[in-house]
Amino acid sequence: MNSAPAAPTNPLALIAELTHRCPLHCVYCSNPLELQSRANELDTQTWSRVFKEAAELGVLQADLTGGEPLARTDILELIRAARTSGLYVNLITSGLPLDELKLDALLAAGLDHLQLSFQGAREETAAAISGTKSHAQKLRVLQWLKTRRVAVTLNFVIHRQNLDQLPEMLALAESSSATRVEFAHVQYYGWAFANRDRLLPNREQLQTSIDFFKSAQQRLSGKIRIEYVVPDYYAKYPKPCMGGWGRKLMLITPTGEALPCHAAQIIPGLKFENVKDRGLREIWEMSEAFEKFRGEHWMQEPCKSCDRRTQDFGGCRCQALLLAGDAAATDPVCSLAPTREKIDAILAVANNPAAASSLIPPDWLYRPNPASQ
Amino acid sequence: MTPDPQSHPRLAPGCRLSENNQQQVLLMPERALRLNGPSLEIVQRCDGQHTVQQIVTELQHIYAKAEPKKVESDILGYLALLQEQRALDFA
């Protein structure tokens, strides 16, 4: 029995992908393979209106991200606009374009929280993974942050190539002023999906990392808030992706398309509205793309009659497309999915060193900088 | 961990009170807590001036009908939760 679609809940977060330009070329980047060029980026005025509309819609948090958000020459106006709209301003950055003057300007403009990415605990690893010499600059940023009043998160992106550096990463975090650390195992979309065979950890590596995170959480409770995400391929049930399609957050691309998540543009046949043409509320409540996988009407079996459907919403639509060829299918990660065998085949490769070495592509696929094209 | 009664809780860097659609919220990195009644009264007093003991005493006065011991343990529990979220510093 299909229940009538409920009125959508209000989004809590706006992910503002300000640009796809970036000084790094990370092999796990969550940006789409088709990067948007600078020429079509939204201007300051349009973003300011978007922030205002977001706050009116009930959004509490803005994530200013990219690419590298500091590549925007109007970043101070954007922070001011988001803050004066009433949003909490998070900046997700590599730290590369920063100096002390710029940092002070960001804080004075109203930045609430700075999240600094780390590709490893050592320069060689960071350079190999991001294709750029970047680690030393991040350490400088950490020093500057020690004498400034701003919330700081260190985000360590974790995968097979740097899993052995977890203790070093944590030590780095403890020597900094960060009160929050995210250990984020790579999620397999975009560039990460293309480089997956070199990134996906084996079972033992994954379990060791989880044990490490849990013990760190206990030891540092009250001092550092430690959060972690694991690759869902190893799970029995899928993640409630984005908190459900069109339920909790909204992403705006550099050229103004409104998406329910980072990867949604890979789903064929979906029409995405642009904030240049429509107000945010109208897009959120009524656009075809946001309505497409809301509620339960679109579900196939086993999701359609599964008790877990209100918990995990059938998992991830983009993952269903990537691995099962159908965005409406049960997320193949689910042990109840008819396509779970595809995930098992991928895991078999990751957990068999002999087979793995013969199948891993010879070179990383580095994410290019659209500014140079 | 139980907060020291003589310590002065205050909101950690980047943590602040805000309002959206008539709802008071405590905003922090990638998280928001709705504040109503007692939770709002507690957070408003986390200003670096009130001691934990003063917060307890003032709330026991406001919620005079409630069992004082329960008010105290609720407050201490909530402050500990906020500290774990890294929303509070204790000086």
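Predicted model: local features only at pLDDT ≥ 70, side-chain atom pairs only at ≥ 80, totals over all residues.
Trainee: What makes α1(A) and α2(A) roughly parallel?

Mentor: The axes of α1 (residues 44-57) and α2 (residues 75-84) of chain A cross at roughly 20° and come within 8 Å. Angles under 35 degrees count as roughly parallel, and therefore α1(A) is described as roughly parallel to α2(A). Their crossing is right-handed.

Trainee: Which residues make the contact between α1(A) and α2(A)?

Mentor: Thr44(A), Trp47(A), Ser48(A) and Phe51(A) contribute from α1(A), and Glu77(A), Leu78(A), Ala81(A) and Ala82(A) from α2(A). By class, five residues of this contact are nonpolar, two are polar and one is charged.

Trainee: Which residues of helix α2 of chain B are buried, and how do you know on which side of α2(B) they lie?

Mentor: In α2(B), residues 52-62, the buried residues are Val52(B), Ile55(B), Val56(B) and Leu59(B). A residue is called buried if 20 or more other C-beta atoms lie within 10 Å of its own. These four cover an arc of only 100° around the axis, so they lie on the same side of α2(B).

Trainee: Against which elements do the buried residues of α2(B) pack?

Mentor: Their partners are β1 (9-11), α1 (38-44) and α3 (68-84), which belong to chain B.

Trainee: How many residues of chain A are in contact with chain B?

Mentor: In chain A, 18 residues are in contact with 18 residues of chain B. On the chain A side, β3 (88-93) and β5 (151-158) are the elements that give two or more residues. The residues of that side divide into nine polar, five nonpolar and four charged.

Conventions: Residues numbered from 1 in each chain as written. Chains lettered and ligands numbered in written order. Buried ≥ 20, exposed ≤ 12 C-beta atoms within 10 Å, placed from the backbone. Arc of directions from axis to C-beta. Contact = placed C-beta atoms within 7 Å. Nonpolar A, V, L, I, M, F, W, Y, C, P; charged D, E, K, R; others polar. Axes fitted to C-alpha atoms, helices over the stretch in contact; angles between N-to-C directions. Parallel < 35°, antiparallel > 145°, perpendicular 65-115°, else oblique. Left-handed = near helix turned anticlockwise from the far one by under 90°.
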